[in-house]
Amino acid sequence: MESFYWRNKVAVITGASVGIGASTAVTLANAGMVVIGLARRMELVEALNAQVTGEGKIFGRQCDLSDDEQLISSFNWIQERFHCIHVLICNAGILKANFLSESSTKDIKELFDLNVIATASCLRETLKHMAKIKVPCHIVVINSVLGHRIPEVPVPLFSVYPATKHAITALCQTVRQEIHFLKLNIKLTSICPGMVDTDFLNVYSQAVDELPKLQAVDVAKAVLYALDTPDGVQVEDIILQKMRKVD
């Protein structure tokens with residue numbers, strides 16, 4: 001990727017310790033980016049450097065994104081130490097498999113706090129910074145196919161998770177309009193995978209074992225594709241699903 005525009009530039013990834021976030025961190029570092037991974041388990045983020053074969057590097061920062069003070073101080077720390085945030089990957093999120101009728105208010109609030117409010121707060125902090133630095137920037141939000149449609153499944157243990165993802169779909173559209181109104185040079189891409197084979201699905205135990213699933217690296221490659229588009233070309237939405245095997 002000799003002509004990769006983002007080489008040596010700074011990417012921030014939330015939820016970077018495992019799964020899609022970890023795979024994206026390694027992919028971007030191998031493309032030559034400086035990656036800061038925010039996660040509760042910082043040591044797992046730092047350990048990803050063992051998988052980096054390119055010229056980039058991954059730095060970890062411990063942060064509980066549901067704590068607004070930690071979130072704001074982390075973004076301030078990144079700006080002080082690395083000066084610029086060129087790319088933001090909003091990936092952090094949680095899933096609790098349950099019926100709504102059996103979900104506690106605490107669980108419902110936790111889902112909205114991390115999946116929606118923390119994402120909005122990360123977008124807010126990053127937009128303020130990107131508006132000041134006046135260079136081309138890109139925001140990628142890891143959404144879900146459940147932010148567009150809710151499939152019929154044998155046991156619908158979705159609770160409010162799809163509602164949080166529909167909120168993210170709306171948020172991406174309103175922020176994109178805000179970027180246009182404020183005349184900012186920022187692209188915004190929403191990436192909506194179907195089921196991905198990560199620890200995220202452990203809440204469903206054996207219920208999804210036989211279903212076709214993407215790999216985390218498939219989503220990381222979609223991020224790279226969106227980032228590597230020419231100046232003036234914005235990929236607004238990517239929906240990707242694993243195809244069933246054909247006998």
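**Close-up views of a predicted model**

View 1. Leu44 sits in helix α2 (residues 42-47); helices are DSSP runs of H or I with at least four residues, strands are runs of E with at least two, and both are numbered from the N terminus. The structure is a predicted model, in which local features need pLDDT of at least 70, side-chain atom pairs count only at pLDDT 80 or more, and totals for chains, interfaces and linings use all residues. Residues are numbered from 1 along each chain as its sequence is written, and side-chain values use heavy atoms, with hydrogens and water left out. At 31% relative accessibility, Leu44 is partly exposed; buried means under 20% relative accessible area, exposed over 50%, and partly exposed in between, with a 1.4 Å probe and protein chains only. Neighbours within four places in sequence aside, Leu44 is in contact with Ser17 and Val18, where contact means heavy atoms within 4.5 Å. Asn30 is 14 residues from Leu44 along the chain, and the C-alpha atoms of the two are separated by 17 Å.

**View 2. The largest nonpolar core.** This core has 36 residues, of which Leu28, Ile58 and Ile191 touch the most other members. A nonpolar core is a set of buried Ala, Val, Leu, Ile, Met, Phe, Trp, Tyr and Cys residues joined through side-chain atoms within 4.5 Å. Two or more residues come from each of β1 (10-14), α1 (19-30), β2 (34-39), β4 (87-90), β5, α6 (216-227) and β7 (237-240). The most is given by α6, with 7 residues. Residues up to four places away in sequence not counted, Leu28 touches Ala11, Ile13, Met33, Val35, Ile89, Leu224 and Leu227. Apart from this core lies another, of 32 residues, including Ile85, Leu123, Leu127 and Leu188.

**View 3. The second largest pocket.** About 260 Å³ of space lies in this pocket. On a 1 Å grid over the protein atoms alone, a pocket is an open set of points with protein on both sides within 12 Å along at least five of seven lines, a cavity is a set of points where a 1.4 Å probe fits but cannot get out, and lining residues have an atom within 4 Å of a point. Grid points are joined across faces, edges and corners, and a volume is the space filled by probe spheres set on the points. The second largest pocket has 16 lining residues, and Lys187, Thr229, Pro230, Asp231 and Gly232 lie nearest its centre. The elements giving two or more residues to this lining are β5 (137-142) and β6 (186-193). By residue class, the lining of the second largest pocket holds 8 nonpolar, 5 polar and 3 charged residues; Ala, Val, Leu, Ile, Met, Phe, Trp, Tyr, Cys and Pro count as nonpolar, Asp, Glu, Lys and Arg as charged, and the others, Gly among them, as polar.

**View 4. Arg176 in helix α5.** Arg176 belongs to helix α5 (residues 161-181) and is buried, with a relative accessible area of 12%. Not counting residues up to four places away in sequence, Arg176 touches Leu188, Thr189, Ser190, Gln234 and Glu236. Arg176 and Lys187 are 11 residues apart in sequence and 7.8 Å apart in space, C-alpha to C-alpha.

**View 5. The largest cavity.** The count comes to 1 cavity of 30 Å³ or more, and the largest cavity contains about 40 Å³ of space. Its lining is made of Cys90, Asn91, Ala92, Asn115, Thr119, Val141, Ile142, Lys165 and Ile168. Two or more of the lining residues come from each of α4 (105-133), β5 and α5. The lining of the largest cavity divides into 5 nonpolar, 3 polar and 1 charged.

View 6. The whole structure has 0 disulfides, a disulfide being a pair of cysteine sulfur atoms within 2.5 Å. For Cys63, the nearest cysteine sulfur is that of Cys122, 7.3 Å away. The sulfur of Cys122 lies 5.1 Å from the closest cysteine sulfur, in Cys90, and so is too far for a bond. Cys63 is buried at 2% relative accessible area, and Cys122 is buried at 1%.

View 7. Asn8, not a glycine, has a positive phi of about 70 degrees. Asn8 lies in the segment before β1 and is exposed, with a relative accessible area of 54%. His83, likewise a residue other than glycine, has a positive phi near 75 degrees. His83 is in the loop between α3 (68-82) and β4, and at 58% relative accessibility His83 counts as exposed.
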